[in-house]
Amino acid sequence: MKYSKEQLVEMYKIMQRSRLFDKRVATESKKGKLVGMFHFGTNQEAFEAGLMPLIGPDDYIKPYHRNHGCLSLCDLKLYVAGMLERTTGYNMGIGGDYHQQDIKDLHLLPIDGLIGADWLPDTGVAMALKVQKKPGVVFSCNGDGGAQMGSLYEAMNFASLFELPIVYIVINNGVAMTTPTEKECKCSEISGRAAGFNVKGVTVWGQDPIAIREAMEAAIESAKRGEPALVEIKTYRTCGHYFGDPRDYVPEEKDERMKEKYPDPIPRFEKILQDMDICTEEELKGYTKAIKKEIAEAFEWAYEQPKIQGYMTKGADKIFSNTEGGKL
Amino acid sequence: MRKVSYAKALELALYEEMKKDSSIYYMGEDVAVFGGAITKLFSLHENFPDRVIDMPLDENGFTGLATGMAWMGMRPIVEYMYPDFMPLAMATIAHAISKQYWLSNQKCPVPMVIRSAQGIGSQCGAHHSECVEGWLMNYPGLKIAVPTFPEDAYGMMKHAVRDNDPVIWLDCRTTVYTTEAEIPEEDEDAEIPFGEAKIKRTGTDVTIVAWHKLLIDALAAAEELEKEGISCEVIDPRTLIPFDIDTVVKSVEKTGHLVIAHEANIRGGFGGEIAAQVTERTTALQAPIERVGTENTYIPVGMVEFEVVPGKAEVINAVKKVLGK
């Protein structure tokens, strides 16, 4: 095994944290304590486990709305507070679950509410790194739905033209909201489209964090040389589009077949860690317990924080950095 | 002082700012060796070959690219050959640009300029002649500059580039080479802040607020009306957002009459916003406000375009109407 125990455990924790965070959001939502729409990434967490340990201090990442594993970048308390409309959370609590951002300090790029509209600005971030001769790679993620937006193809054209340090990531979970990928496009592999832009495209099975990590390492090396890459993560979403979605649109037969093809990455990885004598069952249980505690504490802390008031979001000084005496 | 055309004033302001700040990039279609399609800015690429970049024919693409650069603290300037092409990039302008300062809770400003010369003048028809300020005024996070004269273009462009907020900069195609004026020397660093209207002509009977082609027409109309004993005060707002409503209200309180003239379509044009703001602030109006603009229609190809948009005659008629003459 090329990775140390420490690295493997980190990957395990990222997956488990993502899953348990989603579960906690579901619990709070059921209690009626959360307002808004929440999107989970159940069964696709191996992706974050493969990518997040590789993100260095010079890099920038734009996750998509199912990537709670990317919260490893954030202070969980501040993120939960932001989600619960608390003024002490990120962005004063105006961002909800997935519009929280911090380009300057966390290098967490904003998720555009128009899925797929952010491929281009993310490419601009890579352009800024390139022309200012700064180190770092940009990771721009969207789903198979977001990959149908023309802007991905415009973005890849710019990235290859200007030799930008960027890795595009398409998390192809087989469904865009309720529409199966085969009804969106005829490509069996979306990564194949990259070749037309002189961008390296590769498809990885999305249930194995180690395979994903290796693919990401290669993509990062390539991006650093000014050869942008596109990595397609093929996986299967076993939850609804939003929490509460009954998934009536998925035929039972298909669901069973796909779950077999894309098994739950968490027990799968647990088995590998135990079979290879890297972790004992007790150790894994210990990590899980600690993560649950961390999440519970973040929620407890966040509920105690002051709620945002409408007036706090208004005013010329909130819109413009320089209001010219307030004349609007 | 230097006597220059509007286009030259713009070029000098950009050149001087690019010399000072290496984070300024100029991006657009055919902007490098060709110097841009409408205003020729040759010296930019001659002096900063790495920072004046030709872009693929993809307005959405290079606007998005510039947006990411601005998020990172750079100061990109984007040029559209015609502002009619702006809808191609509207998702980026409406969200990634205009909302970012607010969404980031004031942590991430977007210091970029999007510029384009608008209106008739190229005889190129319906897809190359629009005036677009009305499309943009409903986004809270955009500033809109509409300079008409070289001395304003010079000082205001310096401000636009230095401003930390996104600026939509609209030039007037019919005046970019026809007007000439004196601009300050480089060492004076003469920046003109946004939100300050300029009274181009003082008068007592009627206030005319106008910009771009219609400002030139309004000044000519005022000249002619003077001979008939009608005294017009002509105000150039110079920026629409922020808008210097105080100067307009003060003038209306003196004259009691208001005409608003712009080349853009009347319905949903910025003139309606000015009319509303004036009536909210004063009871000095002695007659209903008159708006001059293009009737809700499109621009045909060829010289007939001058017959479709209003000019001096329409301004004169409007002034006489509000004065009951």
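View 1. In chain B, 23 residues of domain 1 are in contact with 28 residues of domain 2, where a contact means that the C-beta atoms of two residues, placed from the backbone, lie within 7 Å. This is a predicted model, in which local features need pLDDT of at least 70 and side-chain atom pairs count only at pLDDT 80 or more, while totals for chains, interfaces and linings use all residues. Residues are numbered from 1 along each chain as its sequence is written, and chains are lettered from A and ligands numbered from 1 in the order in which they are written. Domain 1 of chain B covers 2-188 and domain 2 covers 198-322, with bounds that come from an automatic or database domain assignment. Their centres, taken over C-alpha atoms, are 26 Å apart.

**View 2. The domain 1 side of that contact.** Helix H6 (133-136), strand S6 (143-145) and helix H7 (150-162) of chain B each supply at least two residues to the side of domain 1 that touches domain 2. Helices (H or I, at least four residues) and strands (E, at least two) are DSSP runs, numbered from the N terminus. S6(B) gives the most to this side, with 3 residues. By class, the side of domain 1 of chain B that touches domain 2 has 12 nonpolar, 8 polar and 3 charged residues; Ala, Val, Leu, Ile, Met, Phe, Trp, Tyr, Cys and Pro count as nonpolar, Asp, Glu, Lys and Arg as charged, and the others, Gly among them, as polar.

**View 3. Chain B meets chain A.** Here 40 residues of chain B and 35 residues of chain A take part in the contact. On the chain B side, helix H3 (59-71), helix H4 (90-97) and helix H5 (100-103) give two or more residues each. H3(B) gives the most, with 9 residues. The chain B side divides into 21 nonpolar, 14 polar and 5 charged residues.

**View 4. A strand wrapped up in chain A.** Strand S3 (residues 166-172) of chain A has 7 of its 7 residues buried, so it is largely enclosed by the rest of the structure. Buried means 20 or more other C-beta atoms within 10 Å of a residue's own, exposed means 12 or fewer, and partly exposed lies in between, with C-beta atoms placed from the backbone. In a regular strand, side chains alternate between the two faces of the sheet. Both faces of S3(A) are covered: Ile166(A), Tyr168(A), Val170(A) and Asn172(A) are buried on one side, and Val167(A), Ile169(A) and Ile171(A) on the other.

**View 5. The partners of S3(A).** Strand S2 (residues 138-143) of chain A pairs with S3(A) in the parallel sense over 6 bridges; pairing takes at least two bridges found by DSSP. Gly143(A) sits opposite Ile171(A) in S3(A). S3(A) also runs parallel to strand S7 (residues 229-234) of chain A, joined by 6 bridges, and Val170(A) has Glu232(A) in S7(A) as its bridge partner.

**View 6. A loop residue, Ile308(A).** Look for Ile308(A) in the loop between helix H9 (281-303) and helix H10 (316-319) of chain A. Ile308(A) counts as partly exposed because it has 19 C-beta neighbours inside 10 Å. Leaving aside neighbours within four places in sequence, Ile308(A) is in contact with Glu85(A), Arg86(A), Thr87(A), Met92(A), Gly93(A) and Ile94(A). From Ile308(A) to Met258(A) is 50 residues in sequence and 43 Å in space, C-alpha to C-alpha.
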